[in-house]
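The following note is intended for a colleague who is meeting this structure for the first time. Its points move from the whole chain to single elements.

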Amino acid sequence: MADLSEIVKAYDVRGVVPDQWDESLAELFGAAFVRVTEASAIVVGHDMRPSSPGLSHAFGRGAAGQGADVTEIGLCSTDQLYFASGQLGLPGAMFTASHNPARYNGIKMCRAGALPVGQDTGLADIRELVESWAESGAPQRPDGVPEGTIGERDVLSDYAAHLRTLVDLTSIRPLSVVVDAGNGMGGHTVPTVFEGLPLQLDAMYFELDGTFPNHEANPLDPKNIVDLQQRVRETGADIGLAFDGDADRCFVVDEKGDPVPPSAITALVASRELVKSPGSTVIHNLITSWSVPEVVREKGGTPVRTRVGHSFIKAEMARTGAIFGGEHSAHYYFRDFWNADTGMLAALHVLAALGGQQGTLSQLVAEYDRYAASGEINSRVDDQAGRAAAVRAAYEGREGVELDELDGLTVTADDWWFNLRASNTEPLLRLNVEARDRDTADAVRDEVLAIVRA
């Protein structure tokens, strides 16, 4: 039996093509996906990576071979695939490796209505079937079940129109907007979504190129937004936006070229959503700023804290009926978008908020960016558990400090907190620190890192 442990992750499939997986495996994944979801029809999309069209077509062949009708929507962002899954009521598969280098590819799968497929919700079963079929191939479809059809459908205009029904864009004043698509799928979606709005669009790296010739399509890494920051400053733009490779995450830069923390965007969008649905619940992961639950309470909402990761966020949104959820990594989830994440909808909210008043973006977000933060700091360690235990021992029993282990180790005092989490895929410990002032944040950061890296 084949072993797919290196490519089947907690929430998706991801690995190097063709070294770790190829079109023959993609076809088996398509067959297994249909068997596990018991789908009679599915929708499939892909990003701009060189290997994506072949892999997605192979997945479709595997699905059709099990009797499912396949709708191929072609080039799309991940949230565009979620839109298709929600709007058409079909399970879906998106071929992308997000911000990973060009040699990687992957599959993000969902059930009808964009419900996530993770280890506990079908992915482990899919892996088991693919492993068992690796030598013999997928079994024949059940007797009497005809082979599925494969057809094409363009949903880009419908996706854009749907997003624009979810935000009031009628009062936006003219804005100059720089968008860095990083040669990813933002270059495909932004022109259609922004069409007709009073925006002077300065498009950077909109050419779809899965080899990422300009910079890695990962705006979470500061070096990948340097070009955007420089263009905003040079042109005097009102705002800069950067999308990752599959354009499901959006990062924001203000008119000074300074990054706006995703927590501030979470608080801003939450406050807007709470105007539409007073008293609603808002989800935030445990690494978002103190400002997020504070703003939610101030606006009459109920904040709910959860673990990091889209499966946890989406599960809590479904359980609580939350209207919105946000993560420190710039994933933004909306009840009105099938609880799925869409950076594009968050971007439209920011544009509507900025364009609906006369102040600058830095003035607008000042209300939501209240504390000093370290950002995520990664430390490569040989013994994740041992180093984390050493940090726990250093703070356990310290007066005025509380510890919890909802996700990694969170240590909280009156004027600071930090979270230390182990990476699921690399020998790393990830540290996030926040405090009421910069000196305190720096001191806590240095103390924890000294223990982690000892």
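1. Basis of the note. The model is predicted, so local features need pLDDT of at least 70 and side-chain atom pairs count only at pLDDT 80 or more, while totals for chains, interfaces and linings use all residues. Residues are numbered from 1 along each chain as its sequence is written, and side-chain values use heavy atoms, with hydrogens and water left out.

2. Overall form. The chain contains 14 helices and 22 strands; helices (H or I, at least four residues) and strands (E, at least two) are DSSP runs numbered from the N terminus. The radius of gyration is 22 Å, which agrees with the value near 22 Å for a compact globule of 454 residues. That radius is taken over C-alpha atoms, and the globule rule is 2.2 Å times the number of residues to the power 0.38. Along its principal axes the C-alpha trace spans about 70 × 55 × 45 Å.

3. Of the 454 residues, 57% are buried, meaning under 20% relative accessible area with a 1.4 Å probe, protein chains only. Among contacts (heavy atoms within 4.5 Å) between residues at least 6 apart in sequence, 69% join residues at least 24 apart.

4. UniProt, in an unreviewed entry, lists residues 7–133, 158–257 and 264–371 as "domain: Alpha-D-phosphohexomutase alpha/beta/alpha". The entry also lists residues 376–449 as "domain: Alpha-D-phosphohexomutase C-terminal". Such positions are given in the numbering used here, feature names are shortened, and annotations may be inferred rather than shown by experiment. Residues 7–133 are 40% helix and 24% strand, with end C-alpha atoms 16 Å apart. For residues 158–257 the figures are 27% helix, 21% strand and 33 Å, and for residues 376–449 they are 32% helix, 35% strand and 12 Å.

5. Helix α9. This helix covers residues 291–298, and its buried residues are S291, V292, P293, V295 and V296. Which elements cover them? Among them are α8 (262–276), β13 (281–285) and β14 (302–306). Just after α9, G300 takes a positive phi of about 90°.

6. Residue M344. Is M344 buried or exposed? M344, in helix α11 (residues 343–355), counts as buried because its relative accessibility is 0%. Leaving aside residues up to four places away in sequence, M344 touches D79, Y159, L163, T189, V190, V193, F194 and F243. The C-alpha atoms of M344 and R14, which are 330 residues apart along the chain, are separated by 24 Å.

Key: Buried < 20%, exposed > 50% of the residue type's maximum accessible area, 1.4 Å probe, protein only.
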